[in-house]
Structures are given as C-alpha cells and as structure tokens.
Amino acid sequence: MTDATIAALDRLDALRDALDGVALPLSIAGADAARDARAAAVRQIDDYVQPRLAHLDAPLLAVVGGSTGAGKSTVVNALVGVPVTRTGVIRPTTRQPILLHSPADAAWFASQRILPGLARTTGVVREAPASEAGEAPDAARIGSVVLVADERVPAGLAILDAPDVDSIADENRALAAQLLAAADLWLFATTANRYADAVPWRLLDDAAARDITVGVVLNRVPPGAEDEVEADLRQMLGERGLGAAPVFVVPETALDDRGMLPPGRVAGIRGWLAGIAGDRAERARVAGRTLAGAVDRLAVTARAVADARDEQLVTAADLRGTVDDAHRDAAARIADATKDGALLRGEVLARWQDFVGTSDVFRSIESWFSRARDRVTAWFQGRPAPTIEVERELESGLHAVMVDEAERAAADAWQRIRHSAVGRELTAGSDLSHASADLSERASRLVRDWQQGLVELISEQAAGKRTKARVMSLGLNVITVALMVVVFASTGGLTGGELAIAGGSAVVGQKLLETIFGEDAVRRLAAQARDDLERRVDGLLAAEAARWDALLAPVEAGIGGDALRDAASELGAAMRAVEHEPSGASHALERSDLVEGEAMEDPQEAAVLGEAEDVHELDAHPDGARGAGEGGGDERGVDEHDRRAP
C-alpha cells in the first residue's frame, strides 16, 4: 500500500468520524433527509469505500437489483447454470441475499472486508428446482448474507442477488439499498411493463450520480416488442446520463422443469460479466471508476449534511438567544429598579427620614456630622435603630424585585420557545416555565453577599486613622445603609412628596459619606457598589438561563458544518494524489495479502476456520419452508417466469 493510499485512508477515517459525530437532533426542515444521508454515507464508507480503497485489486462485487417480480433470482440462476437462489410467487422471495463467488475468491468475501455489518452463512449448492433452491425466506436472518462458492462463477467477480428495491418489507428495502451502495457494478433487472416505474429510476439516477458501471436487464419482453421497448428504455437511460450502459433484452420465455431460463437467454449478460472478470485492467478500471464516484458522492453528502448542521446550530443559537434575551431583559429591569428610587418607597423612606431628616442638609457638614453621630449614639443606647429597619426594607425590596423578574424571565422564555414546533419538541418532557425552586434562597444569599461586599469596600476605603475613627463612631452598618441609599436613590421612578423625600435623603446620605471619605471617594464607592450588584444579578439570571443547557447543549455539542466541509475537501485532495500516482502504484496489495498482515495459502481457509457463522445446504427446510409468511406478500403480482414453470 502506497503512502498516498495510506493518507487517503486516514482522510477517509476523518470524514467518517465527522459524519458519524455530527449532531442533527432538531426536527427542522431537511433534518430527516440529512440524517438518512449521513447514515447511508457512513454505512457506505464501512461497506465499500474503505475496503475498496484499501484493496483496489480485490474481486469485484456485482449486485443484481431491481423491483419486485423483475425476475432477478431467475436471471442469477441462469447465469450460474443451476438453481442457487429461490424463485417463487410469494413476495418477497429473497430475504437473505445470496453471494455467489469463485472458490478462489472465498477468503475475500468470508472475511469482514466488505459489508462488515452482515453476518456470514455458508451455503452449499445441491440439485433442486428453483422454487426450492437457496435458503427458505426467513425474516429473522435478514442481517446475514449467504456465501455460495461455485466453480461456474468466474474468479475476480462475485454476483449478489439482492432483495427487492421496492419490497413491502422495510428491512428488505433498506438492505437492498445498502447492498447496491456496496457494489462495484450493478446488474439492474426490470421488465417490459415496469421499466418506467419511479422507484427503479430513483436508483438508476443515483447510479448515474455515482458514475457506477451499470448493466440493465430488460426482462420478460413480449415477442415482437423487443425493438420498441429497448429503444424507449435506451432513450430514458441516455437522458439520465446512462447512455453507455449495456441493455440485455430477455424475451418472455417459458421456464424448464427446474424453473430455469434457457442458457442462451442470458448469454449476453454472462459474456459481459466474464469479460470484466477476465481482464485485470478492466476490473481495475471498473473498481477505480466506482470508487471515485462514491468518494465524489460522499463529498456532496458531506456538504449537504454540513448545511443541515449549520441550520441546527443557527436554530439552537436562536433558541438560546431567546432564553438569554429574556433573562438579560430581566437583569436590565432589576438594574432600573435599583436606579430609579423605587426601592426607597414607603417604609424605607420613612425610616431613613427618621434617621437623618433633611432639614440639616444645607448646614455646616461638620456640625451636621456631630449631630448625626449623637443621634446614632442615642439609638444604640436603647432606642429603636432605624438603620437596621432601613437595611431590612432594602434587602426585602431588592430580593422581591429579583425573584419577580426571574419568574417573569422564565415564563417569557418558555412561552417564546414553545411558540414554535421545534421548541415544543425540544421542551417535550421538561418544564422550565418557572424559576428554580431555590431561587429565593439564592437571591437572599446574593443580597447578603453584596452587603458584605459593601462592608469590605468601606473598610478598604477607611484606611486613614481619622476616616476609620469616623466610621467606627457611626458604625459600619450606618455607613453601609447610607451607601445603599445613595446607590438606589436616582429617583427616576418617584413622584411628588416621595421624590422630594427620596431626593433629599439621597443627598443627606451622600453628604454623610463625603464628610467621611471625600467627594471623589464616594463616587467611586457608589460606582463600585452598583457594578458589584449588577454583576451578581447578571450571574443569578445567567444561572437561571443555564438551566436550558440540558436541552440546548446536545444540539450545540460537536463539530460544525465547516469541519465536515474541510474533511470532505481533504479527502478529495488525498484521492487526487492517489489517482496521480505512477501507473500501478495505486494498486492494492498482491492477492496473497488477502487479510492485512497475514498471507493465506488456501483462499478458502477463512471460511473453513469459522469466519462464516454456519453452513446450510441450499435446499428447502423439511419443516414446511413454503409455509405462510416465509416469503411475505406480493403487491406487484406473480413472477411471469414462475407462472410458466411446469
């Protein structure tokens, strides 16, 4: 393996991890399609792209796909020359896909090199009519593939009979899509009366987009209509970029007593497949073309998923913005309430007036300070202490404002988020319409901590002996209340007598503080006190908003769209380096290196040593394998070949 291939594999792993890890939890427009595309891309990397890039010289896998009743199994049996896969009128007939390979290629397919998610079962061919060939339909074994080694299958190319692409069983349709995505080339079967159906063309359009090699089997064409139907089908193929695809016409024909088509009816198909299998250069061309197309399609898918991821992040940011806006608005309203004098209403004003009054405001500051000190001294000698009552009223008012606004923010955010369908889905099973149960306790603690912060500010400011003496003479609680009054007394929300009282009270408080600390220091103290309060309130409401993290963080976690786009671009650059290597340099390991790091002398050794889970003879089970429910129902009608079987 070359350095360029190793680098490309590393880039492929990075893209796979990015796709697998991208979060798309919100049900917004396009999210379902993006999730499906992401899952399909990751599965195709595991099933096909990684193993094919690591082993470009491995045998090709040709998947036979098509609609219900298109005769896929009949064509496969005819290609091998013996009934190996079951046909019948019960739909779906094929539940366990049958993978036919040369014995020389057994190790490639018995290992988990491709389709690692499917269990392996080894089948053995025995003579039986087509209606009893292969495994009896068993829905419980849908996650397994039956490996059948047969000398009639050319080395270098395996044939896989897949379930119906339009099966009535969801798991069958999903498995058919998975198998087609893991194919190096398609042999797509349709019928003269079904070739224009929408479902097959969706898959053929996908094949054209991936630039995969496709052969089309036009089955059960009525005699005399071959040229007309083939011409119409070729025109449709050409319009969709598949004009080079070979078309193999199989006329409507009676089956023999084993349920087999005459060998000549599929000679063209057999020759086409044998020509590819027998030419190493052609196999490499087919594998390289399909691989390149798959990688290109991965890039398209990655960009689409990246766009969907960006939409998820934009939606999550909008939702988080709604929550944050509601709580920021609440913080702003609390800030306004602490600025406009509203907290100095009623009892607060009355108690403050009892303490300082306003009549002495314009007298000498020193004499006013002396009288104020005397009043405080008298209060501490047994008379009621209005400062304590003022402090309690301020605490109560600030606490009530914070709790009320936090409740309002919670209700507002909840209502706005729930207004949209994605918001209702996001909040299903949750209730964030009210503030936290412990909000009141945390708000009380905030007020106490803020007041303690004011005490510390005042203590730091009272560094000089004279200042400290004045503070001590009045008491820290008096100075603290005075500072709180100054912080809360901008008076914007008061009118009439309240305005006069509050305004005068603020002036008195400020003059008191200026007498102790000086004018500039008081301005700094008030600014610091307000900033500290607003910071604490912002933190309280941010914690309330953070309750939404449990819902939004899973959406926001993980990579963004740009990381996906970068991973796809880096893979593309790495693949171009592989393509431009000197001739032969990008080939895989020699055929002896079938398992990385280990050479196998016997190509069937892996199966013999137990890589396949169990071995079944490809015949009907003796305990009623044709019973009801084994094959499912057929919404499309009876296989015409089977109906003509003796």
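The largest pocket in this predicted model has a volume of about 800 Å³, and 26 residues line it, with Ala40, Ala177, Ala181, Leu203 and Asp206 lying nearest its centre.

Let me turn to strand β1, which covers residues 60–66. Why can we call this strand largely enclosed by the rest of the structure? Seven of its seven residues are buried, so the rest of the structure largely encloses it. In a regular strand, the side chains alternate between the two faces of the sheet. Here both faces of β1 are covered, with Leu60, Ala62, Val64 and Gly66 buried on one side, and Leu61, Val63 and Gly65 buried on the other.

Which strands pair with β1? With β5, residues 157–161, β1 runs parallel and is joined by five bridges, and Leu60 has Leu157 as its bridge partner there. With β6, residues 185–191, the pairing is again in the parallel sense, over five bridges, and in that strand the partner of Ala62 is Leu185.

Now to the aromatic residues, where a search of the whole structure finds four pairs, and I will describe two of them. The rings of Phe248 and Trp272 have centres 5.6 Å apart and planes at 50°, which falls between the 30 and 60 degree limits, so this pair counts as tilted. Because Phe248 lies in strand β8 (residues 247–251) and Trp272 in helix α8 (residues 267–277), the pair ties together parts that are 24 residues apart in sequence. Both of these residues, Phe248 and Trp272, are buried.

The other pair is formed by Trp414 and Trp548, and it too is tilted, at 6.0 Å centre to centre and with 45° between the planes. Trp414 belongs to helix α12 (residues 386–417), whereas Trp548 sits in the loop between α18 (519–545) and α19 (549–556), so here the parts tied together are 134 residues apart in sequence. Trp414 and Trp548 are both buried as well.

Finally, there are two places where an arginine meets a ring. The charged end of Arg240 sits over the ring of Trp201, 4.5 Å from its centre, while Arg113 lies over the face of Phe109, at 6.0 Å from the ring centre.

Note on methods: Residues are numbered from 1 along each chain as its sequence is written. This is a predicted model: local features need pLDDT of at least 70, side-chain atom pairs count only at pLDDT 80 or more; totals for chains, interfaces and linings use all residues. Side-chain values use heavy atoms; hydrogens and water are left out. Rings of Phe, Tyr and Trp (its six-membered ring) pair if their centres lie within 6.5 Å; planes under 30 degrees apart count as stacked, over 60 as edge-to-face and the rest as tilted. Helices (H or I, at least four residues) and strands (E, at least two) are DSSP runs, numbered from the N terminus. Buried means under 20% relative accessible area, exposed over 50%, partly exposed in between (1.4 Å probe, protein chains only). A charge sits over a ring if NZ of Lys or CZ of Arg is within 6 Å of the ring centre and within 35 degrees of the ring normal. Two strands pair if DSSP finds at least two bridges between them. On a 1 Å grid over the protein atoms alone, a cavity is a set of points where a 1.4 Å probe fits but cannot get out, and a pocket is an open set with protein on both sides within 12 Å along at least five of seven lines; lining residues have an atom within 4 Å of a point. Grid points are joined across faces, edges and corners, and a volume is the space filled by probe spheres set on the points.
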